[in-house]
Amino acid sequence: MNTSKVDVLLGLQWGDEGKGKVVDVLTPRYDAVARFQGGPNAGHTLEFDGRKVVLRSIPSGVFQGNVNVIGNGVVLDPVLFTAEARELIDAGTPLHERLRISRKAHLIMPTHRLLDAAGEKAMGAGKIGTTGKGIGPTYTDKISRHGLRVGDIEAPDFAERYTAARDRHLRQLERMGATPDAALLADLESKWMAAIDELRRFTLVDSEHYINGLLRQGKQVLAEGAQGTLLDIDFGSYPFVTSSNTVAAGACTGLGVAPGRIGRVYGIFKAYCTRVGSGPFPTELHDATGAEMRDRGHEYGAVTGRERRCGWIDLVALRYAVMINGVTHLIMMKSDVLDTFDTIRACTEYEIGGTRTPDFPYSIDDAAAVRPVYTELPGWRTDLTAITSPDEFPQAFRDYIAFIERELGVPVAIVSVGPDRAQTIEL
Ligand code: GDP
Ligand code: IMO
Ligand code: MG
């Protein structure tokens, strides 16, 4: 019996949990790494050998010899992708050999980005605070059956299909009062078409066949999530979410693997919590403690440079994320950021309308109505960044991990104590 599995690693909070770092750490245990959703709204940071790289569309398993796949569930911007690819190739990564791109992935067009910007502008103060990468409009076209796919670039009438899609977008932009300047659009288009030519030199595959073929050969695959569970289109804090299924089930639809093929589900979270963009965040701190987290954790967006909002760990939201994803292994990141805190708070319940609940409710939109109930734990006040073994953990840190494991009912398998590949401890 062939027991090859696809293990999934995904974010349990609002993104930026440190997925890129841990995928890179786990890569040597897998034959292939595959992205299954999202696009260049992601920014996955890796630090190793004194080098720091931020990946947007390329999977984080690309530095250690494995095959990497951009799956059908991903939306790909040819301009951003080829720029990212060139940087890696210039730095010595043999990307053409290692990367396969799904023909069924959807293409982000210049007009998708314009529609993203126009949509945000039209919403004014109620805007989502997107990354501006055209993610929502591209997935909208996918679902409304108007999208252009990577495989279309091999079709003889690709230029006509592109023009038809663009003209449809221009009519939408006109209705929004956001008709682009003709010279600007022409410039964006010529760059986009040049990037399409560069994209043709990569290996395009029918990725569902490719990945199932790997599994039939007994190979192990790691699926790399982007964004986080609370940004999921179905289960996140809608409408302040992204436009894809970021949860474990997304790996099935985003790669074409059957549910029974899913093995471990690694759920990754920060020892505290952050969010970038608009939307509710019950444990957010607007005080000096939040600022200390931001400074110590360098909480500024990897893609947009925006300040990340910071707050205490939210176990109500994490419990929900563990349930939706069927998390089998927890991974706690950025523990070192809390090294200086005397007391650490963890939200275990919400109080809504005078009633306490451990369950994540339908809506957390009304910040005044959702009051987090905290348990206080003593801080460890120890520099964790040089620790290499769990034997060296201070007792208060062990207690914090044990508390989270009890609350979530899943063991913590890996703890991260710094951004470098080496600052990773398995329990
Ligand atoms: P991703 O989107 O989930 O891959 O995460 P990002 O790369 O957007 O954000 C995580 C940030 O935290 C990056 O700057 C990482 O280099 C950094 N980082 C990852 N793990 C740790 C850690 O354990 N401690 C500290 N201090 N930084 C970390
Ligand atoms: P990684 O993979 C954090 C947020 C945006 C915005 C909302 C919708 O690095 O964890 P979009 O551009 O997707 O339409 O924006 O989702 N967002 C992220 N926040 N990390 C990300 O990716 C994000 N990708 C999107 O800030 O609130
Ligand atoms: Mg990120």
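Predicted model: local features only at pLDDT ≥ 70, side-chain atom pairs only at ≥ 80, totals over all residues.
The protein contains 12 helices and 20 strands. Its C-alpha trace spans about 65 × 50 × 40 Å along the principal axes. A compact globule of 427 residues would have a radius of gyration near 22 Å. The protein has 22 Å, so the value agrees with that expectation.

Two ligands are considered in turn. Ligand 1 is surrounded by 19 residues. The closest are Gly18, Lys19, Thr45, Asp336 and Ser416. By class, this shell holds four nonpolar, seven polar and eight charged residues. Several polar contacts involve oxygen atoms of the ligand. A polar backbone atom of Gly43 is 2.8 Å from an oxygen atom of ligand 1. The backbone of Gly418 also takes part, with an N or O atom 3.0 Å from a ligand 1 oxygen. Arg308 contributes through its side chain instead: an N or O atom there is 3.3 Å from an oxygen atom of ligand 1. Taken alone, ligand 1 exposes 580 Å², and the protein buries 93% of that area. The space that ligand 1 takes is the second largest pocket. Two elements give two or more residues each to the shell around ligand 1. These are helix H1 (19-26) and strand S3 (44-48).

For ligand 2, the side chain of Lys19 places an N or O atom 2.7 Å from a ligand oxygen. An N or O atom in the backbone of Gln227 lies 2.8 Å from an oxygen atom of ligand 2. For a backbone N or O atom of Gly129, the distance to an oxygen atom of ligand 2 is 3.4 Å. On its own, ligand 2 has 550 Å² of accessible area, of which the protein covers 97%.

Two local backbone features were also noted. Most residues other than glycine have a negative phi, and most peptide bonds are trans. The bond joining Tyr238 and Pro239 is cis, with omega of about 5 degrees. Pro239 belongs to the loop between strand S10 (221-224) and helix H9 (249-255). Arg145 is located in the loop between helix H5 (135-143) and helix H6 (158-175).

Conventions:
Residues numbered from 1 in each chain as written. Chains lettered and ligands numbered in written order. Heavy atoms only, no water. Polar contact = N/O pair within 3.5 Å; in protein donor to acceptor, adjacent residues only side chain to side chain. Areas by Shrake-Rupley, 256 points an atom, 1.4 Å probe, with all protein chains shown as cover. Helix = DSSP H or I, 4+ residues; strand = E, 2+ residues; numbered from the N terminus. Rg over C-alpha atoms; globule rule 2.2 N^0.38 Å. Near = heavy atom within 4 Å. 1 Å grid on protein atoms, 1.4 Å probe; cavity = no way out; pocket = protein on both sides within 12 Å on 5 of 7 lines; lining within 4 Å. Sits in = over half its atoms within 2 Å of the grid points. Nonpolar A, V, L, I, M, F, W, Y, C, P; charged D, E, K, R; others polar.
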